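Biologist: Please take me through this structure by question and answer.
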Amino acid sequence: TKRLRTFVTIVQSVLIVIMMILVTSMIFQINSLQGTARVINYAGIVRGATQREVKLEIVGQKNDDLIVYLDEILDGLKNESRKYNLVRLEDEVYQADLDKQMQYWQKLKDEIYRVREYGYEATDIVEVSENYFRMADETVSAAELYSESIATIIRYLEIGTAVDITILILIMLFRSLEAVRIRHRNSQLEQKAFIDQHTGLPNKGRCEEFFINAELMQKPIGCIVFDLNNLKVVTTTSDEYAT
């Protein structure tokens with residue numbers, strides 16, 4: 001039983017450490033997921049805003065502010081941005097798709113400047129913008145897949161935490177039952193130590209404990225001491241008849 005209690009204590013300590021690690025990891029992943037959601041949102045904004053810029057240029061409406069805005073967003077998606085509260089996603093597929101998109105954005109901007117100079121009929125801006133839209137869509141999809149992977153990790157961490165807490169609760173119940181059993185055993189030992197087994201009355205040890213109790217001795221108290229001959233023989237004989 002002593003070995004069992006030691007083992008349970010060790011397991012409980014290990015489970016507490018594991019739970020702390022799981023909760024810390026979960027908090028970290030949740031923060032990452034929040035940043036990922038914002039990246040997905042802005043990657044989608046880039047996809048739509050670029051198409052709007054192309055349409056404006058085709059009808060002869062120049063919008064350099066929108067081009068600057070798209071440059072800033074793309075740079076923020078790549079390298080983080082405090083202005084737009086963007087984080088860098090550490091995912092190889094997403095980063096590779098984003099690099100291709102940014103390179104093609106330079107080509108699309110060149111076509112926009114050619115439209116301003118020669119008119120859209122003399123350029124390939126429609127085809128280039130369609131290719132760019134497809135690349136932007138791939139970047140958004142990569143960010144979404146990365147977000148889903150983080151969500152899956154969080155679910156596993158939640159399951160692990162739930163299992164850990166369940167085991168800890170079971171251990172706490174076990175220790176509570178063990179404490180009740182120990183208290184019951186101590187009560188039995190106390191009875192054996194201070195109660196006479198034959199008569200059920202307090203024995204000499206219990207009386208001495210009573211007399212040294214300062215709180216009880218503050219009041220007047222009397223004590224009668226007498227001796228019964230052969231009491232042990234009588235009680236032993238009574239026990240034999242009882243059995």
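Biologist: Are α2 and α3 roughly parallel or antiparallel to each other?

Modeller: In this predicted model, local features need pLDDT of at least 70 and side-chain atom pairs count only at pLDDT 80 or more, whereas totals for chains, interfaces and linings use all residues. Residues are numbered from 1 along each chain as its sequence is written, and side-chain values use heavy atoms, without hydrogens or water. Helix α2 (residues 64-79) and helix α3 (residues 92-118) have axes 10 Å apart and an angle of about 165 degrees, with axes being lines fitted to C-alpha atoms over the stretch in contact, and angles running from 0 to 180 degrees between N-to-C directions. Since angles under 35 degrees count as roughly parallel, over 145 as roughly antiparallel, 65 to 115 as roughly perpendicular and the rest as oblique, α2 and α3 are therefore roughly antiparallel.

Biologist: How many residues of the contact of α2 with α3 are charged?

Modeller: Contact means heavy atoms within 4.5 Å. The residues that meet include Asp 64, Asp 71 and Lys 78 in α2, and Asp 99, Lys 109 and Arg 116 in α3. With Ala, Val, Leu, Ile, Met, Phe, Trp, Tyr, Cys and Pro as nonpolar, Asp, Glu, Lys and Arg as charged, and the others, Gly among them, as polar, the contact has 10 nonpolar and 2 polar residues, and the number of charged ones is 7.

Biologist: Are α1 and α3 roughly parallel or antiparallel to each other?

Modeller: Helix α1 (residues 2-58) and α3 have axes that come within 11 Å and cross at roughly 15 degrees. Val 39, Trp 105 and Ile 112 are among the residues that make this contact, which has 8 nonpolar, 2 polar and 3 charged residues. By their angle, α1 and α3 are therefore roughly parallel.

Biologist: Is Glu 111 buried or exposed?

Modeller: Glu 111 lies in helix α3. Beyond its neighbours within four places in sequence, Glu 111 contacts Thr 123, Asp 124, Ile 125 and Val 128. Buried means under 20% relative accessible area, exposed over 50% and partly exposed in between, with a 1.4 Å probe and protein chains only. At 8% relative accessibility, Glu 111 therefore counts as buried.

Biologist: How many helices and strands does the secondary structure of the chain have?

Modeller: Helices (H or I, at least four residues) and strands (E, at least two) are DSSP runs, numbered from the N terminus. The elements of the chain run α-α-α-α-α-α from that end. The count is 6 helices and 0 strands.

Biologist: What percentage of the residues in the chain is buried?

Modeller: Of contacts between residues at least 6 apart in sequence, 70% join residues at least 24 apart. The chain has 243 residues, and the buried share is 29%.
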